[in-house]
Amino acid sequence: MASWSEFAADEPRLADGIRLLMQQYGPGFGYLATVRADGGPRVHPVSPVITDEGLFCFVIDSPKRRDLERDGRYALHSFPPEDSDDEAYVAGRARPVTDQARVARLAEIGRAAPQVDWRLFEFTVDVAMLTRRAHGGSSAPGEGPGRPAVQVWLDPLAARPAGGASVDVPDQGPARRARGAHRAAA
């Protein structure tokens, strides 16, 4: 499981594009998908905090927090921009941050209210995707818009499901381009 910092060092332009979409309205804004106790999905709006240190989210006492505490799997999707259909997506595992100095530093950056019962989670990155769609009149008359430009990064060190299946990435058809980073094992 790669940290946001490891992912960003490996694919800086992709990480910058994802950060821009997640923070397009100022502070982070996106949709967090978690796994309910019965295995079903749950989706919530959240305000992720992206710094050079990592990808974080302050989560109040709620079903989504209990989901993350029980089963750390998550997916985070950007809020749609007003002027395009561009999108960003990351998925991996959430883990609680227990270092109080780090929590305090990120609470100040994320403007997390101290009187609220929240916990800080760091999100690792197993898969990251950025989709950009052509803007304007780039297609010929009578034709639909061109294929989107899709960048996908898969953490080469992430455990894959049995049978060699790949990490679940939203279907982008033939335009999808997988990029596997090669990091030296520490």
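These legends accompany close-up views of salt bridges and a pocket in a predicted model.

Residues are numbered from 1 along each chain as its sequence is written, and side-chain values use heavy atoms, with hydrogens and water left out. Because the model is predicted, local features need pLDDT of at least 70 and side-chain atom pairs count only at pLDDT 80 or more, while totals for chains, interfaces and linings use all residues.

**View A. A salt bridge pairs D71 with R93.** The structure holds 16 salt bridges (a side-chain nitrogen of Lys or Arg within 4 Å of a carboxyl oxygen of Asp or Glu). Here the N to O distance is 3.8 Å. The pair links distant parts of the chain, 22 residues apart: D71 sits in the loop between α3 (63-70) and β5 (73-78), and R93 belongs to strand β6 (residues 87-96). Helices (H or I, at least four residues) and strands (E, at least two) are DSSP runs, numbered from the N terminus. D71 counts as buried at 15% relative accessibility, whereas R93 is partly exposed at 36%; buried means under 20% relative accessible area, exposed over 50%, and partly exposed in between (1.4 Å probe, protein chains only).

**View B. R133 forms a salt bridge with E87.** Look for the closest N and O atoms, 3.0 Å apart. R133 is partly exposed, with a relative accessible area of 24%, and E87 is buried, at 14%.

**View C. R102 and E122 meet in a salt bridge.** Their N to O distance is 3.3 Å. R102 is in helix α4 (residues 100-110) and E122 in strand β7 (residues 118-123), 20 residues apart. Both residues are buried. Follow the shared partners and you will find E53, R95, R102, R105 and E122 joined into one network of salt bridges.

**View D. The second largest pocket has a volume of about 380 Å³.** On a 1 Å grid over the protein atoms alone, a pocket is an open set of points where a 1.4 Å probe fits, with protein on both sides within 12 Å along at least five of seven lines; lining residues have an atom within 4 Å of a point. Of the 21 lining residues, P27, S47, V49, G110 and R111 are the closest to the centre. β4 gives the most to the lining, with 3 residues.

Conventions: Grid points are joined across faces, edges and corners, and a volume is the space filled by probe spheres set on the points.
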